[in-house]
Amino acid sequence: MTDLYDVRDLGLATEGKRRILWAEQDMPVLLQLRERFAKEQPLKGSRIACCLHVTAETANLVRTLKTGGAEVFLVASNPLSTQDDVAAALVKEFDIPTMAIKGEDNASYFKHLHAAIAFNPNQTMDDGCDLVSLIHKEYPELAAKISGGCEETTTGVIRLKAMAKDNALKYPVIAVNDAKTKNLFDNRYGTGQSTVDGIIRASDVLIAGKFVVVAGYGWCGRGFAVRMKGMGANVIVTEIDPIKAIEAAMDGFMVMPMSEAAKIGDVFCTLTGNKHVLRPEHYAVMKHGAIMANSGHFDIEIDIIGLEKMAKEKIPTRRFVDTYVMEDGRRLHLLAEGRLVNLGAAEGHPASVMDMSFSTQALSAEFIKNNSSKLTPKVHDVPVDIENWISTLKLKSMGITIDILTPEQVEYLAAWQEGT
């Protein structure tokens, strides 16, 4: 067993192993990739520092990286997203250095990040860009030695592109989040389902008949809105992008500014990647009993400091629910401390959808290993052949076959002479 760890309780390892193996059953693409990795050892020589949500699905990713020959060090990318039994199992059952505790304070969170950096990685795998950002700010000499990294989520890609624009990014990073096999499926179906799950687990609220306000109509917002609609909610979408707003309206949702939605919403969920989407001007007009949740990566989408200043009392009313009593007696409920509700109050995405995202992560790590000398310090797309391979295997695992082009069709698509 590794001596590099900081977990809540190693006694939880047996249950964590059960959870990891249960998830593995629903990750056929990653399993097939692991079989190849075991034979070929394509990651031999790689030292990968992973800052990810420590879940059963993530455990199967880091197991695959290790099987492929990599040395791996795992820390949490969010203080509330760790599954403590999984963290224990990774240490005790799978000998993978892991530092992550559900509910860890800010000091512990950054202590773990620094430990991952002290591991002296030559690759990074990030979810939110905290690890990459810290390396660039405090360890520039290490940044120069890193061959590349992968980024899992929208918020992290936004930060990385800002770094690249400012010429601050010192090594290449593959935007795994922007892969079609990730954002079309993980974000839409994974976040859509798991966010509903987190809200219901935390609040036990009946969705049918409620006015549910969805802030942001990106892939995560789309997925969440559709699932809330399917459960009988009256869904309101707020947006800053006119094209996305039109799309939401044509998908059958009400669209309005948050200033109007705040007056009628029963349940609010932010999925934007931006800060202070819900703020004091909205709290002032919210209904008594309104529920607020966030499914964006950082806990900045809901202005919690502003909420605490307005409230005369804060009461922990349920697990993952804090009730803020306003001066006029209204009670507003905040779920999972404004952190990712799908991971803070539930178990995150189902394994089936993470199968594609984490296969993309593993193959991107292999791509970096094989192509580091050719990659420039910027944000790169996932290679198309990786996307196609993963999609093909996923269809096969689902028992689905598709058409292929005939020679005549291939010729037609490659020519311009034939017209009407």
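Contact here just means heavy atoms within 4.5 Å of each other, and helices (H or I, at least four residues) and strands (E, at least two) are DSSP runs, numbered from the N terminus. The model is predicted, so local features need pLDDT of at least 70 and side-chain atom pairs count only at pLDDT 80 or more, while totals for chains, interfaces and linings use all residues. Residues are numbered from 1 along each chain as its sequence is written, and side-chain values use heavy atoms, with hydrogens and water left out.

Cys220, Gly221, Arg222, Gly223, Phe224, Ala225 and Met228 are the buried residues of α10, where buried means under 20% relative accessible area, exposed over 50% and partly exposed in between (1.4 Å probe, protein chains only). Their cover includes α9 (180-203), β8 (211-215), β9 (234-238), α11 (242-250) and β11 (267-270). The helix lies across β8, β9 and β11, and runs at about 170 degrees to β8. Axes are lines fitted to C-alpha atoms, for helices over the stretch in contact, and angles run from 0 to 180 degrees between N-to-C directions. Just past α10, Gly232 takes a positive phi of about 95 degrees.

An open sheet of 8 strands has the order β10-β9-β8-β11-β12-β15-β14-β13, with mixed pairing; two strands pair if DSSP finds at least two bridges between them. At the edges stand β10 (254-255) and β13 (311-318), each with a single partner strand, so one side of each has no neighbour in the sheet. Strands β8 and β11 run parallel, joined by 4 bridges, and Val212 has Val267 of β11 as its bridge partner.

Strand β5 (residues 123-126) is worth a look too. Gln123 and Met125 point one way, Thr124 and Asp126 the other, and all are buried. The strand pairs in the parallel sense with β2 (residues 47-52) over 4 bridges, with Asp126 of β5 as the partner of Cys51. Another 4 bridges join β5 to β6 (residues 148-151), again running parallel, and Gln123 is partnered by Gly148 of β6.
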